[in-house]
Amino acid sequence: MAYSYSIQFNAQLGNNFLPLEKVKLGLQSNIYYDNTQYKSVLTAYSIDSSSEVVNLIFGNLRFGRNDLFSTTN
């Protein structure tokens, strides 16, 4: 699968923004950056327990379901 963009950032574990129990692959989110909204899906994450940080990577599929199953060219 190809992604049209990738947004990556770190967050402290135990934050009020995104509790660890809600971090799951496929999580749909709206991310706002530089006055632009990106409809995103959590595609990967890693946890560094020594620094109590979770690294989150969000992306968006380049093609939607309608693009993949369209009957027109």
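Visitor: How many aromatic pairs does the structure hold?
Guide: This is a predicted model, in which local features need pLDDT of at least 70, side-chain atom pairs count only at pLDDT 80 or more, and totals for chains, interfaces and linings use all residues. Side-chain values use heavy atoms, with hydrogens and water left out, and residues are numbered from 1 along each chain as its sequence is written. Rings of Phe, Tyr and Trp (its six-membered ring) pair if their centres lie within 6.5 Å. The aromatic pairs in the structure number two.

Visitor: Is the pair of phenylalanine 9 and phenylalanine 58 stacked or edge-to-face?
Guide: Planes under 30 degrees apart count as stacked, over 60 as edge-to-face and the rest as tilted. The ring centres of phenylalanine 9 and phenylalanine 58 lie 5.9 Å apart and their planes meet at 10°, so the pair is stacked.

Visitor: Which strands does the pair link?
Guide: Strands are DSSP runs (E, at least two residues), numbered from the N terminus. The two phenylalanines are 49 residues apart, in distant parts of the chain. Phenylalanine 9 lies in β1 (residues 3–12) and phenylalanine 58 in β4 (residues 53–61).

Visitor: Is phenylalanine 58 buried or exposed?
Guide: Buried means under 20% relative accessible area, exposed over 50%, and partly exposed in between (1.4 Å probe, protein chains only). Phenylalanine 9 has 26% and is partly exposed. Phenylalanine 58, at 3%, is buried.

Note on methods: Helices (H or I, at least four residues) and strands (E, at least two) are DSSP runs, numbered from the N terminus.
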